[in-house]
Amino acid sequence: MADSAAAAPTKAPPQGVHAALPHDSAARHVAGSAVYIDDMPEPVGLLHVAFGLSDRAHARITRMDLSAVRAAPGVVLVISAEDIPGENDVSPVIHDDRLFADGEVYCVGQSLFAVAATSLAAARAAAAKAVVEYEDLPAAIDIAAARAIDLTIEASQRMARGDAQAALAASPRRVQGKFAIGGQDHFYLEGQIALATPREDGDVHVWSSTQHPTEVQHLIARVLGKPDHCVTVEVRRMGGGFGGKETQASLFAATAALVAVKTGRPAKARPDRDEDMVMTGKRHDFEAVYDVGFDEEGRLTSLSLALSSRCGATTDLSPAINDRAMFHADNAYYLPAVEILSHRFRTHTVSNTAFRGFGGPQGMLAIERIMDAVAADLGLDPLELRRRNLYGGEGRNLTPYHQVVEDNVAPQLIEELAASCDYAARRREIEAFNRASTVLKKGIALTPVKFGVSFTTTHLNQAGALIHLYADGSIMLNHGGTEMGQGLNTKVAQIVAQAFQVDIARVKITSTVTDKVPNTSATAASSGADLNGMAALNAAETIKARLVDFAAAKWGVAQADVAFTPDGVRVGGQTLAFEAFVRQAYLARISLSATGFYATPKIHYDRATHTGRPFYYFAYGAACSEVLIDTLTGEMKVTRADILHDVGKSLNPALDLGQIEGGFIQGMGWLTTEELVFDAQGRLRTHAPSTYKIPTCGDRPAHLDVRLWKAGRNVEATVHRSKAVGEPPLMLAISVHSAITHAVASVGDHKVFPQLDAPATPEAILMACEDVRRRARDV
């Protein structure tokens with residue numbers, strides 16, 4: 001063994017946590033060599049799957065003749081509800097999502113049957129030959145229609161603290177209003193896809209582009225009528241998910257698996273973009289109605305808020321999504337007396353589902369819109385109004401759901417951003433510009449984000465991991481999280497490398513597979529690194545503890561004298577190279593493999609009363625956005641955005657910055673350009689890039705300054721004191737909508753508050769400008 005005195009000074013490995021390393025697949029992404037499911041070599045005998053879809057929003061199927069489909073060239077199998085050996089259900093909770101329609105259809109795009117053929121073209125051509133006859137039934141397409149007949153997915157929910165109605169009656173001032181919030185398509189780069197391969201005894205292996213491999217495993221087994229151990233689901237990477245692959249990948253995976261088991265041949269289900277957008281759910285669109293009371297200084301005294309959402313035809317995750325909208329209707333503000341009502345309407349449209357923020361963005365947009373309305377009523381700078389209503393110390397630190405806000409950093413973060421982006425001076429300059437400019441108007445807004453991190457369904461806050469330390473010192477890492485471009489695998493690998501004090505090149509990142517780590521939760525709720533990072537660390541520490549015991553016994557030293565360092569494993573006064581030390585442990589028959597597990601502490605929630613501590617901690621951020629609008633056309637440009645975001649002690653600053661920028665741009669799209677349009681028959685008319693407009697590189701602000709808050713910390717014992725960064729940044733884009741509101745209000749010299757729904761498309765902005773002009777003349 002080498003003498004430790006001769007070794008180089010100990011230093012933290014540059015590839016450990018807090019290092020700004022690139023995404024593990026970054027080079028492959030750029031080169032186009034990253035392998036996604038549709039890039040895999042097609043196995044011999046592969047069958048391609050196409051779906052027959054409903055073209056009615058709500059109807060009874062009176063006749064479905066598939067004889068021409070079965071007789072079409074290349075067709076090997078046609079399956080419908082009657083061919084399912086197990087349960088005809090692919091829902092996450094309520095058992096109300098049919099794999100194939102059975103007697104009745106409840107939305108346009110619902111799957112009626114599937115065709116498996118020797119080519120995708122043959123499968124699609126065959127599916128088009130189906131003869132389906134319907135008896136139309138009454139259909140509720142939007143919230144108003146569902147409200148009129150009281151069509152809901154569950155009873156309305158109420159969250160309250162204090163007597164909001166009494167406080168409203170006693171408030172010195174009140175403002176009422178309502179507005180609509182549009183939905184959003186996930187528009188992941190890689191569409192829904194599954195590749196199933198049959199195994200012995202009717203078992204099946206499925207590659208699935210899913211955020212929740214365990215749920216896909218459960219649902220495939222349910223459809224097949226088999227136990228879970230007969231199904232293996234594997235995910236190496238996804239080309240984006242954003243929540244759209246949390247529950248809705250199951251239909252495609254189950255269909256492919258069913259075809260594979262029935263035919264004994266591999267099967268692939270891959271809808272094209274139009275089919276994907278028609279068949280899969282979106283972000284929930286909302287309507288908000290508010291009555292807010294406040295004093296002459298702008299401090300809120302009471303709030304009555306009613307949120308209504310379009311859930312779609314089935315339950316999916318709508319109860320939890322709407323709950324989270326209620327949770328985040330306070331954002332960063334203390335509400336002395338508050339009542340939040342949530343109405344969850346069932347409509348005959350595709351079932352809406354998880355989307356980045358999971359209802360939080362809609363609730364947060366509601367309170368920020370209210371803040372702008374109150375500021376306008378008082379003639380006060382909206383930022384100053386926001387400052388006066390922030391959570392504070394004791395007496396001003398209790399949320400509407402009775403969780404104490406223990407680590408409120410919003411005031412410090414806001415002040416730092418306001419100073420660094422020169423908010424006050426720029427607002428004065430913009431007001432001067434608007435007074436002098438008749439056609440072009442500018443707007444500016446600075447809004448905060450306080451986002452609760454944890455699954456609000458308590459049992460989902462758990463994760464597992466598996467680490468193999470091989471005899472040559474290399475490490476194989478597997479965990480229950482999925483990689484969808486966010487860099488989760490890189491972060492978890494950094495955590496493991498840090499634990500063993502080795503170069504990250506020693507750590508091999510493997511696919512997420514249900515036969516390695518079972519019973520996992522979805523990679524969602526911004527908790528991927530929190531949960532899986534801690535589970536992997538737990539596994540690493542288990543192996544390290546065995547190695548410490550081994551070294552102490554073999555070399556006769558105290559356990560405290562065994563340490564893992566960047567130079568190797570120090571045992572007493574000597575240091576062994578890591579790989580040599582591991583080989584010695586292997587020869588001594590020490591177990592070098594371990595599972596890890598983590599369950600989030602402290603959280604609890606009573607849904608019946610909507611009280612408890614649903615979140616382990618809060619992530620914070622703030623954004624200042626500046627916009628320019630053309631009042632003659634409604635065109636808008638975000639010219640500048642300054643962002644300061646709290647990620648605690650960042651596991652990987654480069655990845656976190658990328659998540660913040662991407663989240664902000666995606667949120668900007670939701671609030672400005674991405675408009676979902678359903679016609680009166682329930683057909684989605686915006687189902688392709690030609691009609692549905694996500695932000696492009698040209699929409700990125702010319703000045704976009706994104707910074708991590710240097711003072712960031714986490715008072716809770718998260719992995720290396722980091723904070724989640726997946727969802728919170730999306731809501732930074734609310735500053736864009738507020739800035740547009742400011743610009744539109746200037747058209748009427750700020751005499752009236754604009755009626756501006758989301759998304760603020762050019763048409764919406766133009767109509768809002770005209771409305772402001774008209775109403776301002778009457779003031």
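Residues are numbered from 1 along each chain as its sequence is written, and side-chain values use heavy atoms, with hydrogens and water left out. Since the model is predicted, local features need pLDDT of at least 70 and side-chain atom pairs count only at pLDDT 80 or more, while totals for chains, interfaces and linings use all residues.

Start with strand β14 (residues 286-294), where seven of the nine residues are buried; strands here are DSSP E runs of at least two residues, helices are H or I runs of at least four, and both are numbered from the N terminus. Buried means under 20% relative accessible area, exposed means over 50%, and partly exposed is in between (1.4 Å probe, protein chains only). Strand β9 (residues 173-181) runs antiparallel to β14, with nine bridges joining them; pairing requires at least two DSSP bridges between two strands. Within that pair, Lys178 has Val289 as its bridge partner. β14 also pairs with strand β15 (residues 300-312), again antiparallel and over nine bridges, and here Phe286 sits opposite Ser309.

Strand β18 (residues 462-469) is largely enclosed by the rest of the structure because six of its eight residues are buried. Seven bridges tie β18 to strand β25 (residues 593-599) in an antiparallel arrangement, with Ile467 opposite Ala594. Five bridges link β18 to strand β19 (residues 475-479), also antiparallel, and Ala465 has His479 as its partner there. In the β18-β19 hairpin, with five residues between the strands, Gly473 takes a positive phi near 90°.

As for the nonpolar cores, each is a set of buried Ala, Val, Leu, Ile, Met, Phe, Trp, Tyr and Cys residues joined through side-chain atoms within 4.5 Å. The largest has 156 residues, and Leu446, Phe500 and Phe664 touch the most other members. Helix α15 supplies the largest share of this core, 13 residues. A second, separate core has 35 residues, including Ala194, Val233, Ala260 and Ala267. Back in the largest core, Phe664 has contacts (heavy atoms within 4.5 Å) beyond its neighbours within four places in sequence, among them Ile643, Pro701, Leu704 and Val736.

Ala560, finally, is found in the loop between α15 (528-555) and β22 (562-565). Ala560 is exposed, with a relative accessible area of 73%. Its C-alpha atom is 8.8 Å from that of Gly572, 12 residues apart along the chain.
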